[in-house]
Amino acid sequence: METLQVRIWRGTEQGDFQDFEVPRQESQTVLDVVTYVQRKCDSTLSYRFACRVGVCGSCAMTVNGVSRWTCRTHVSKVAADNKLEIAPLRNLPVIKDLVTDMREFFDKWARARGRFTGSTTRKDPLARISPESKERKRVAAGIECIGCGVCYSACDVVSWNKDYLGPAALNRAWTLINDVRDTARAERLAAVAGDAGCHACHTHISCTERCPMRLSPTAGIAGLKRAVLAATLSGEI
Amino acid sequence: MSQRAQVLLWGAQRISAMVLALCVVVHLLTIIYAVRSGLSATEILGRTQGSVMWFAFYTLFVIAVAVHAPIGLRTILSETCGWRGRGLDVLTGVIGLSLAMWGMRAVVGVFGAGTA
C-alpha cells in the first residue's frame with residue numbers, strides 16, 4: 001500500500017508544518033486525509049468541514065499552494081509523488097491550524113452593501129422578472145456564491161491591499177446592481193467605487209479560475225467598473 | 001482623495017492606456033524604419049526637425065505618458081509599500097509633471113525648428 005507524506009500547518013500565523021504519514025486509498029479526498037490525521041495521528045489538529053459532499057464550502061483550504069475545497073479534491077489529482085502540503089486559506093487571520101477567521105471576509109461583504117434593499121411588503125404581489133432579461137441573466141451567472149472564501153484566498157490584490165473588498169463581496173454587489181427590484185443602486189455603486197473597491201482589481205482572474213461554483217467574479221467586477229464610471233460621469237454618485 | 005477623484009483617475013488610466021497602445025505601435029514602426037535610414041543624430045534630426053505632424057503626435061504621446069505613469073505608480077507603490085494618503089498623491093503628481101516637462105523638452109528638441 002502506498003503512503004502519503006503529508007505536511008499540515010500547525011499554529012496561528014506563527015507556526016510550522018508538521019509531518020504525517022497517511023495510507024493512500026482509492027478515491028481518497030484531501031478532506032479524508034485531514035480527517036484521518038485528526039482521528040488517528042493527532043487529535044489536537046483543528047479544521048472545518050460540514051457537508052463533505054461539495055455544497056457548503058466549509059472545508060476550503062490551501063492544498064499544495066492552491067485554494068480549493070478539500071472534500072472535492074481527489075488526492076490522485078493533486079498529490080504528485082505522494083506529497084501533500086495542507087495549509088489554511090490565505091489572506092485571512094489564522095485562528096488555529098487549518099481554521100481561519102472569516103469575519104473580515106463577511107465584513108467586506110457588508111461594506112460592499114451586499115444585501116438586498118426592497119420597496120415592497122409581503123402584502124404586495126410578487127415582482128415579475130423574466131429569467132430571460134439581460135439583467136436577470138447577469139444575476140443568475142453570479143448568484144450561486146456560498147461565501148466559501150476560496151476566491152478571497154486566491155486573490156493577489158487582497159494580499160497586497162488590505163482594504164480591497166475582494167471578489168466575493170464585489171460579485172454579490174454586482175448581482176444586486178442587476179436586481180431590478182433593489183432600490184439602493186446608487187448607494188451600492190458608491191460603496192464599491194474607488195481604490196478599495198472594484199477599481200483595485202487587476203484582472204488576474206485567479207478568483208474565476210478557482211471558484212468551486214464556477215462563477216466569474218472577474219466579469220462582475222468588470223461590469224461594476226463600467227457601471228461606476230458611468231454613474232460618476234452622469235453625477236448619479 | 002475623494003471617491004469621485006479615484007474613479008476619474010481610473011478612467012484616465014484606461015483612456016491614456018488606449019492612446020498609449022496606439023502611440024507605442026506607431027513609435028516602434030517609426031523606429032524600425034528610422035534605423036534603416038541612418039542612425040546618426042544629424043541624419044535623424046534632419047528628418048524630424050520642423051515636422052508639425054510628428055510634433056503633434058509626440059506631444060500626444062508625452063501627455064498620455066504623463067497621465068498614465070503616475071497613476072500606475074501610485075497603485076504600485078500603494079500595493080508594494082503600503083503607502084496611502086496625501087504624500088503619495090503629491091509625489092506621484094510631481095513625477096507626472098516632471099515627465100510632462102522632460103517629455104516636452106525632448107519633443108521640442110527633436111521636432112521643433114532646428115537651430116540652423
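Which strands of chain A does helix H1 (residues 30–41) lie across? Helix H1 of chain A lies across strand E1 (3–11), E2, E3 and E5 of chain A. Its direction is about 95 degrees to E2(A). The model described here is predicted.

## Chain A overall

Chain A has 237 residues, and 43% of them count as buried. Its secondary structure comes to ten helices and seven strands. The C-alpha atoms fill a box of roughly 65 × 35 × 30 Å along the principal axes.

## The five-stranded sheet

Five strands of chain A form an open sheet. Their order is E2-E1-E5-E3-E4, and the pairing is mixed. Strand E2 (15–23) and strand E4 (66–69) of chain A are the edge strands, each pairing on one side only. Neighbouring strands of this sheet are turned by 35 degrees against each other on average, direction ignored.

Strands of a sheet pair through backbone hydrogen bonds, either parallel or antiparallel.

## Strand E3 and its two partners

Strand E3 (residues 60–63) of chain A runs antiparallel to strand E5 (residues 83–87) of chain A, and two bridges join them. Thr62(A) has Ala87(A) as its bridge partner in E5(A). Val63(A) has Ile86(A) as its bridge partner in E5(A).

E3(A) also pairs with E4(A), in the antiparallel sense, over four bridges. Here Ala60(A) is the bridge partner of Trp69(A). The two strands E3(A) and E4(A) form a hairpin with two residues between them. Asn64(A), in the turn, has a positive phi of about 50 degrees.

In a regular strand the side chains alternate between the two faces of the sheet. In E3(A), Ala60(A) and Thr62(A) point one way, while Met61(A) and Val63(A) point the other way. All four of these residues are buried.

## An enclosed helix

Helix H7 (residues 167–177) of chain A is largely enclosed by the rest of the structure, because eleven of its eleven residues are buried. Among them are Pro167(A), Leu170(A), Asn171(A), Arg172(A), Trp174(A) and Ile177(A).

What do the buried residues of H7(A) pack against? Their partners are helices of chain A: H3 (103–111), H4 (134–142), H5 (150–154), H8 (185–191), H9 (206–210) and H10 (217–234).

## Two helices of chain B

Two packed helices are described by the angle between their axes and the distance between the axes. Helix H1 (residues 3–36) and helix H3 (residues 52–81) of chain B pack at an angle of about 135 degrees, with their axes 8 Å apart. H1(B) and H3(B) are therefore oblique to each other. Their crossing is left-handed.

H1(B) brings residues including Leu9(B), Ala12(B), Leu20(B), Cys23(B) and His27(B) to the contact. H3(B) brings residues including Leu60(B), Phe61(B), Val65(B), His68(B) and Ile71(B). By class, the contact of H1(B) with H3(B) has twelve nonpolar, five polar and no charged residues.

## Where the chains meet

Chain B puts nine residues in contact with ten residues of chain A. On the side of chain B that touches chain A, H1 and H3 of chain B are the elements that give two or more residues. H1(B) gives the largest share, seven residues. By class, the residues on this side of chain B divide into three nonpolar, four polar and two charged.

Conventions
Residues numbered from 1 in each chain as written. Chains lettered and ligands numbered in written order. Predicted model: local features only at pLDDT ≥ 70, side-chain atom pairs only at ≥ 80, totals over all residues. Pairing = 2+ DSSP bridges. Axes fitted to C-alpha atoms, helices over the stretch in contact; angles between N-to-C directions. Contact = placed C-beta atoms within 7 Å. Parallel < 35°, antiparallel > 145°, perpendicular 65-115°, else oblique. Left-handed = near helix turned anticlockwise from the far one by under 90°. Nonpolar A, V, L, I, M, F, W, Y, C, P; charged D, E, K, R; others polar. Buried ≥ 20, exposed ≤ 12 C-beta atoms within 10 Å, placed from the backbone.
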